Amino acid sequence: MKPTSRVAKSVSAPRKTTKAVAPAASAKAGKVATAGLSQHLIDPVLAILGSRYRGADKALAGAFAQSFYQRLDADEFARHSSEHWAAMAADMFELVRTRKNAQVKVRVFNPDRSQVGWDSPHTVVQLLHTDMPYLVDTLTLALAEQGIGVQLLGHPVLVLGRDKAGKLTTVGSG
């Protein structure tokens, strides 16, 4: 049984109010059916993302984005351009590319287009961890206790294959 990883990316309220934001298939496979988005909406994102990578990385990045956005609501998707979603997926893909066994990766930042290719008026929390039930719920509750609301919560559960060095080798839906 392959271990699953949870990838969460949250987007919170505007920076002024310090809110949090969270958005976390075989790479050889083609397109995975998306539950929330029509394939015609995700295809431009995959094309843009594919232009950023070559070879195996291109296939992995595409499989990652396809799975990452699998449950994204079409209404939410319409709020940003394909370029924005591709840059956001590339940013999260870079976080996911390497991870040591059982390592939890957390990144909290205010995205700036000149640095990461996309921007947001919200602070972003990116979280990558082995499947641990209730971790994202606990984080969301902890933020709420601090008066920090979550504007967007992407919480895909992905099966991520890795080599012994922790390098990403396959991406699948969990």
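Modeller: Happy to! One term to begin with: a residue is called buried when its relative accessible area is under 20%. Please also keep in mind that this is a predicted model.

Colleague: With that cut-off, what share of the residues of the protein count as buried?

Modeller: The protein has 174 residues. Taking those under 20% relative accessible area as buried, the share comes to 48%.

Colleague: Where in the protein is confidence lowest?

Modeller: Across the protein the mean pLDDT is 82, with 78% of residues at 70 or more. Helix H4 has the highest confidence, at 96. Residues 11–34 have pLDDT below 50, although that stretch has 108 contacts in the model beyond near neighbours in sequence. Where pLDDT is low, the predicted coordinates should not be read in detail. The lowest mean, 39, belongs to strand S2 (residues 20–22).

Colleague: Which residues of H1 make the contact with H4?

Modeller: H1 passes H4 in a right-handed crossing. On the H4 side the contact involves Ser82, Glu83, Trp85, Ala86, Ala89 and Ala90. By class, the H1–H4 contact has 8 nonpolar residues, 1 polar and 1 charged. From H1 come Pro44, Val45, Ile48 and Leu49.

Colleague: And how are H2 and H4 placed, roughly perpendicular or roughly parallel?

Modeller: The axes of H2 (residues 55–68) and H4 come within 10 Å and cross at roughly 110 degrees. An angle from 65 to 115 counts as roughly perpendicular. H2 and H4 are therefore roughly perpendicular.

Colleague: How many nonpolar residues does the contact of H2 with H4 have?

Modeller: This crossing of H2 and H4 is right-handed. H2 contributes Asp57, Leu60, Ala61, Phe64, Ala65 and Phe68, while H4 contributes Ala89, Met92, Phe93 and Val96. In this H2–H4 contact no residue is polar and 1 is charged, and the nonpolar ones number 9.

Methods
Residues are numbered from 1 along each chain as its sequence is written. This is a predicted model: local features need pLDDT of at least 70, side-chain atom pairs count only at pLDDT 80 or more; totals for chains, interfaces and linings use all residues. Side-chain values use heavy atoms; hydrogens and water are left out. A crossing is left-handed if the near helix is turned anticlockwise from the far one by less than a right angle, and right-handed if clockwise. Helices (H or I, at least four residues) and strands (E, at least two) are DSSP runs, numbered from the N terminus. Contact means heavy atoms within 4.5 Å. Ala, Val, Leu, Ile, Met, Phe, Trp, Tyr, Cys and Pro count as nonpolar, Asp, Glu, Lys and Arg as charged, and the others, Gly among them, as polar. pLDDT is the predictor's confidence in each residue, from 0 to 100. Buried means under 20% relative accessible area, exposed over 50%, partly exposed in between (1.4 Å probe, protein chains only). Axes are lines fitted to C-alpha atoms, for helices over the stretch in contact, and angles run from 0 to 180 degrees between N-to-C directions. Angles under 35 degrees count as roughly parallel, over 145 as roughly antiparallel, 65 to 115 as roughly perpendicular and the rest as oblique.
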